[in-house]
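Keep the structure open and follow each pair in turn.

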Amino acid sequence: MTLLFTLFLSLICLVAASDYHERLELQPLPAGSLLASFNFRSNASQQSFDQQHFRYFPRSLGQILQHAHTKELHLRFTTGRWDAESWGTRPWNGTREGGTGVELWAWIDAANAEDAFAHWITLTQSLSGLFCASLNFIDSTRTTRPVATFEPEGDHHASDADGSLPLHLLHGTLPGEVVCTENLTPFLKLLPCKGKAGISSLFDGHKLFDASWQSMSVDIRPLCPDDGSECVVQIEQAVDMVLDIDRSKRPRDNPIPRPVPDDQLLCDTSKPYHSHDTCYPLDKTTDKSWSLTEVFGRSLNGVCSPAHDADSSDEEEEGSVCLHVPHERDVFISPGAVEKKNLEETSRCFTLQPSGTFDLVLSEQDENHHRHSALETPVLSAERTMIGHGQERGGMRIIFDNPSATDSVDFIYFEALPWFLRPYLHTLQATVTGHNDRIPRSIPTAQIIKESFYRPAIDRQRGTQLELALSVPPASRVTLTYDFEKAILRYTEYPPDANRGFNVAPAVIKLAASNNHAYLRTTSLLLPLPTPDFSMPYNVIILTSTVIALAFGSIFNLLTRRFVAAEQAEALGSQTLKGRIGKGLLSLRDRVKRKTKTE
Amino acid sequence: MAISEIVQDPSLLPILQTSAETLAQCQQLLALLDPATAPGSSPEVQEVSLAVSRQQKVLFALLARLRGQNRDATLRVRETKQATAEARQEIDRLHLQLQNLYYEQRHLNGEITACESYDHKYLSLPLIPIEEFLAIHPEHRESSDHDLMVARINHEHAEREKLEQARQELLKRKQALIAENKKRKDDLANLDQDLERFIDVSLSRDPLLCTIANGEYQAAKPIQKIFEKEYYNVPAMTGRNGELASSQTSSPAADDVTTTMSSTKASAQRLPPPEKAEAVRTRTGVIAAFWLVIILFGFPIWWKTTSIYRARLPIQEMIDWADGKRLTVYFYVVQACRPVFPLDIHVETPSLPPSEAQHLIRTTQHALDDLNEFSAHHLRLKLAEGSRGEEPYIDGESETGVEEKADTTLVVKLLPEDNLAGPRSELHADTSQLDVFYPPSQVPTFSSSNSPLSSFIAEELQKLFAEEKTTISHIISSSSSSPSPELAEDIGRRLRRTLKYADTYHLAFSLFTPGAEPSSWDIEGAVQEYLTPLLEAFSPISNFSVDTQVQIHAAFAPTAPLPTFDETQAAWTLKKEDLSAFINAAEWPLSPSIGAGPTINFILYVPSPSQAPLVIQGSHQATSWIVPQWGGVVLLNPPLALSDPSPRNPKHLSRESLRPAFLTFSHQLLTLLGTPTTPASLPFRLQTLMRVRAATLLLSASSTMGSLARLTESLPSIPIPATVAASVSTTLAHLSSACSHLREGRFAAALAAARVAEGEAERSFFEKSMVGQVYFPDEHKIAVYLPLLGPIGVPLLVALIKEIKRVVASRRS
C-alpha cells in the first residue's frame, strides 16, 4: 500500500501543461478479495482554466469551481467499511477516501467568512446537481471549518501576493447519503473517455456498488512546478474498491449463490466424523483463479490516451495496468500487451495495445507465504461507538489501539457532531489499557490530549466541532468517553423516517507521521432521538378546544339562564312548544288505553 | 437285543431264518477265502475253489429265497396298511355321528330350561291379593288356579271401570267450580275500578262527597250507585269550577273526563312570577357583551392573523399595458405609449447649396410618406448639421450625445458624379452610411414637386427598412397584414429561432468526435480572430462569455439514425429529418453554463475517419444547421492523415482549419440573436436589431405585467409581497420611459429602459414567496376550528335568536 502511495507521489511530480494519465492497480487481498484502484489524472493550465477553454478538464466542473471561487476541492463518495484487520493499511494511506456517505471539503477564496459560506452554498448546490447527490443538504449545521485536520494539497499563492483573497477551508459530510449508480454516471462523464475506452471501460455500476468497500473521489488542486513554469489545475479522480472475487464472478443474470458441488468440496479428513457423506469444508489454500472480464463483468477496451504527445513517454513505459502478485505466479494476458516485471518481485505492469480488448487471467495456484507478508498492519486502529441508554442521555466511546510495541502514535482526531447531540466535554475521560497487563487505568486527559479545539454548537445553526491532538503510548489502547444529551427537535424538524435514527458523521483521524499524511475514518453512527407521536398537535388542539367549549358553555348558561323553582319550571315548560308536544302525547296515550278497556 | 425279540410276527420268521442261514453261509465262504489260510499249493487251491463255488451256489440259492421272502413280507405289509386305513375311516364316521347326537341333546336341554324359566305377564298383574279375593268371592275357593286367575282378572277389570267413571264426574265438578270462581273475581275487579273513579270524582268535586266516599268505601254497592248518579251530573256542575269551563265544555264525552282531570291537576301549580325588567336587561346586556367581544375583537384578530399580505398593484394599468390599450388610445390618454420608431436619417449634401438640399429633402420626405403604409415606423429626413463643414459625419459621435438628441439611424451622403445615367446607391459595409451617386442634372428644381433623384432615394430607403418594418409590425401585432406573406413567414420563422433577449449570453463551443482524435484545437486563437470582433460590435446590446471544451469518444445516441453512404456524392449523408436526433443529449455534456443568461451551444463535430466526409443529404453538401433557440452544429471534415493501416483524423485542428467553421458559427450567432439578414452593413443591422429588441422587450414586459395582474386576480390566496409591488412600479415607470425614448428616437436609451423593465417584470412574476404553497389549507382550518367553534357558537347563536324574538314580541305588544 505504501508502494501505491509512493507511486502516487511520484506521479504528482510529473506535471505537464495539459495531459491525461490513467492507471489501474490490482492487488489480491486475503480471503478471496481483490483491491482495484483506478486513478485518472488530467491537468489544465491555469490560464486556459481561467479563460474557460477546457480540454481534458471537465467543463461543467470547471465552471462550478470558478463560479464558487473554489481553489481546491475534495469530494468523496464512500460505501462500506475498510476491514483493516484482514486487508491491512488503506489504499493511498486513506487520503483518497471519505467517511460513509458523501464528504466534501474545499478551499474557497473570499474576503470574509460570510462570503466564503455563501460561495460554499453555491458550490454544494451546483455539485448536487452535477453529481445527482443530496449535497444541497449540506447547510450550516453540517458545515465545519476544521483547523488542523486538513491541509491543502495544492500550491496556493500567498494571499497578498497578487491581490487574491484569503482561503477558507469548509468541510461538510452527509453520512446518510446512499452512494449508487446515479453518482457513478456523472463521475464517468467527467472523464475524457467516458468509460468508452481505457480502464474506465471496466466500470459497471452493478459490480462497483456490489463491492465490499468502495470509494470514489474527485480532487482538484492547483499545482505550481518548482521550476517556475506555468501553474496548472489538476483534477484527479480515483475509484478504489474491494471486490469479493467469488461474488463478482457470479453471472449477472443468475446471481444466486450456489453450494459447491460435492466433488469440488475440500474436506478436513482429520475430523472424526469425516466420512463419504459428512464433510467439514476446509478453506482453499490456493489462490483463486480470476480474470478481469470475470471480476468486472466487462473487458478492457483499448487505451484512453488522447495525448499521444512525446512528453508522455514515461507513462507509456510504466504501463497503465499494474498487478501486485509475486513473480512466481503465472499470469496470462491478451496478445499484443507487453508485460514488464518490477524489480521488487511483487508487482508487474502491462502496456496495452491502443485498440482491441485486454484481458488478464490468473490461474489457480498454491498460496505462498509471500503475499501475506506484504500486508502491513495499520499504525493505529480506531473505533467509535455510542454507549448509554434511554431517550435523554447517552455517551460516546472512542477506542484507539496502538499495536506498535515501541513507537507512540501522534494524531489529530476530528469530530463534527450534529447540534441535537450536545456533548458535555467536562465528562471527557481517558483510560489506558496496556497490551501486556490488560488492566484499564484511568489517567488525566491532559496526559493524552496535547491540544484541543472545541467549537460548541448553536441550536439549529451549527454543529459541534471537536479537534483533539492526541498521543497514544506504545502497545496500549486508549479509550476516550464523554457524555452527551439528546436535544428534542421541533415538530417539523423530524424527517419522515424519524424512528430510524439520525446519522452522526464519521470521525476523521489524521496521522501526523513524518511528512506524508495518512487518514483514518471511523464508521458513522446512528443516534436514536426521542420521537413524538406525530398526531399529537391535532389531539392537543381538539382536547383543549373541548375543554374551553365546556367551560364557556357552562359560564354562558349561568349568565343568561333564568332561575325558577322546579315546579314552576314544569309549569313554564307546559307553555312552551316542548310542553305542548308532551301534553299531546300524554292525551293520545290515555285515549288508546281507554279504548282497549271498553272493549 | 436280538433281532428275534423285535420281530415276532410269524410271517417274518422264515425270513429271519433264511437270512441267518445266508449269514452263516457267507461266513463259511469268507473263511474259505481267508488269505491267512490260503493254501499255497494248487490242488488245494483247486479244491478250495471248488468248495468256494459250491458254497457260492448255495449262497446264491439262499439269497434268492431271501429275496422272495422279502417281497412277500413287503406285500403283506401293504395289505395290512390298507386294512388299517379302512378300519380307521369307519371309526371316524361313527365318532362324528356320536358328536352330532351330543349337540342335539344339549340344545334340547337348553330349550327345556328356557321354557321352564319363562316369566309371564299375568304373574305380575297388579291384582288384589288372592286372600282378599277369596274373601270377597268364596265360591272360587274350589276352582283351579287357571279359573281363579281368570276370575280375578275379570274382577279387577270391573273395579277399574267403576273408578274411572267416578273420576270423570269429579273433574267436571271441579271445572264448574273454577268457572264460577273466575266470574266472581271479575265482578270484584270491576267493583274496584268503579270505586276508584267514584273517589276521584267525589274528591275533586266536593269535600263532602269526598268524606262520604272515604267513609263508606267498604259499602261497594251504594257507592257505585252514587257514583253512577254523579257521573252523569258533571255537565251541571260546570258553573262552579270557572277556570275549567272551557276545557270541560269542549270535551262533553264521558270518556274524556279522565284526561281533563289530569290537566287540572297540573295547572293547579302556580306559574312563576313574571321576570323583572332588571333581570331581562341584565341578560340582554350579557348577550350583547359577548357578541360585541366577538365582533370587535375576535373577528379582527382572526382576520388579521389569517389573512395574507397582498400589496396593492396597479391592476388596471398593468392590464392596459398588456392589452395594448396604452398603445392604441395614445392620443386620448396622456401617459400612454405606442412604440413608434421615428428614424432620423441625416442627409449630407456636401455639393448642394442648403436651399436646394432642403428642397430635395422635402420632396424625398413626401415620396417616403407616400410609400410608407406602416404608421409606427416613421422615417424622418434631416439635413446634417455637419454637412456644411464638409466633414464626414461619424456615427460614433452621435452616440455620445444620446441624452439630448435622437440617434442617427442612417447617414445618406449625396455625391454628384458625372457621366451617370441614373442615380445609384452604395451601402458601406462597416458603417451605417449610404452613398448615393447621382448625375447632377437630376437635382430637383424648386418648381418640380417630384424628381427622379428624390423618388430614387425614397425607394432605396424604403428597401433598406423593409425587413425591419415587417419585423416590427410582426412583433407588435402578429395578425397585421404585411405586404408580402413570404417575407412575413420568413420573419416569423426567424423570430421563432431567436433566443430570448438577455443581458449576458454564454457561448459554449464544443468539439465532439467519436474517436480519440482530434483531441485539441486552437480555440483561443480562433475565438480571438473570428469571433471577438463580432462580439465587440454587439457589446451595446448584450455581453458574451465564451467557454470551450473538447469531448472525445462522443458517440451518437443508440436510437439515433446512422448516416448512410451516398454513392453519388461519395460521402456519408445525414437525412434532414434526422438532424434533430443528431445531438446525443443524454451523454454529451452540454449542460448550460452557470450564471444568469442563456447558453448558446456551438458544436463542431468531426466524424470518425470511417464515416468521413459527412454531409447533410441534399444537393448543396451542407454541413451546418441551426437548432432554434439553442445553438448551431457544424460538421467539419478535416483532411485525413493517410497512415497505415487506416486513415486517421489529425490530432490537432489549426486556426486555419477552423476558419470555415467559425465563420458559420458567427453567422449562426447572428441568426440566433435575431439580427436581420438584410442589408449588408453590420452596424446598420445591429441598429435594426436594437430597435427590434427594444420593441420585443417592451411587449414582453407588458405581457408579463398583464399575466401577473391576471394571476393575482385569479388566485386570491397567493400573497403579494411589497417587493413585487415595487418591481411592478419600476417596470411600469421604465416601460413608459422606454416608450418616450422610442418616440423621441433614442433607441439605445429605450433598449436600456426596456431591459430594466423586462428584468423587473420577470423578477416580480417569478417571485418565490408568491408561488409558495399554502401551508395551512382550508380543510385543516375547519378541522381545527370546529371542535372549538361548534360548542361555543351554538349557545351564543341560540341566545341571540331568543333575545331577538323576545324583543320583537315586546315591540309588537
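**Cysteine pairs in a predicted model**

A:Cys322 and A:Cys349 are joined by a disulfide, with an S to S distance of 2.0 Å. This pair links distant parts of the chain, 27 residues apart. A:Cys322 sits in strand β12 of chain A, residues 321-323. A:Cys349 sits in strand β15 of chain A, residues 348-351. The model is predicted.

The torsion about the S-S bond of A:Cys322 and A:Cys349 is about 100°, so the disulfide is right-handed. The cut-off for buried is under 20% relative accessible area.

A disulfide is a covalent bond between the sulfur atoms of two cysteines. How many disulfides does a search of the whole structure find over all chains? The search finds three.

Move to A:Cys267 and A:Cys279. A disulfide joins them, S to S 1.9 Å. The two cysteines lie 12 residues apart, and the pair links distant parts of the chain. Both A:Cys267 and A:Cys279 are in the loop between α8 (245-248) and β9 (286-287) of chain A. Is the link of A:Cys267 and A:Cys279 left-handed or right-handed? The angle about the S-S bond is -110°, and the link is left-handed.

Now the accessibility of that loop pair. A:Cys267 has 22% relative accessibility and therefore counts as partly exposed. A:Cys279, with a relative accessible area of 27%, is partly exposed too. Partly exposed covers the range between the buried cut-off, under 20%, and the exposed cut-off, over 50%.

Another disulfide is formed by A:Cys224 and A:Cys231. Their sulfur atoms are 1.9 Å apart. The torsion about this S-S bond is about 105°, so the disulfide is right-handed. A:Cys231 is buried, because its relative accessible area is 17%.

Is B:Cys115 buried or exposed? B:Cys115 has a relative accessible area of 57%, so this cysteine is exposed. B:Cys26 is partly exposed, with a relative accessible area of 29%.

To recap the handedness: the link of A:Cys322 and A:Cys349 is right-handed, the link of A:Cys224 and A:Cys231 is right-handed, and the link of A:Cys267 and A:Cys279 is left-handed.

Key
Residues are numbered from 1 along each chain as its sequence is written. Chains are lettered from A and ligands numbered from 1 in the order in which they are written. This is a predicted model: local features need pLDDT of at least 70, side-chain atom pairs count only at pLDDT 80 or more; totals for chains, interfaces and linings use all residues. Side-chain values use heavy atoms; hydrogens and water are left out. A disulfide is a pair of cysteine sulfur atoms within 2.5 Å. Buried means under 20% relative accessible area, exposed over 50%, partly exposed in between (1.4 Å probe, protein chains only). Helices (H or I, at least four residues) and strands (E, at least two) are DSSP runs, numbered from the N terminus.
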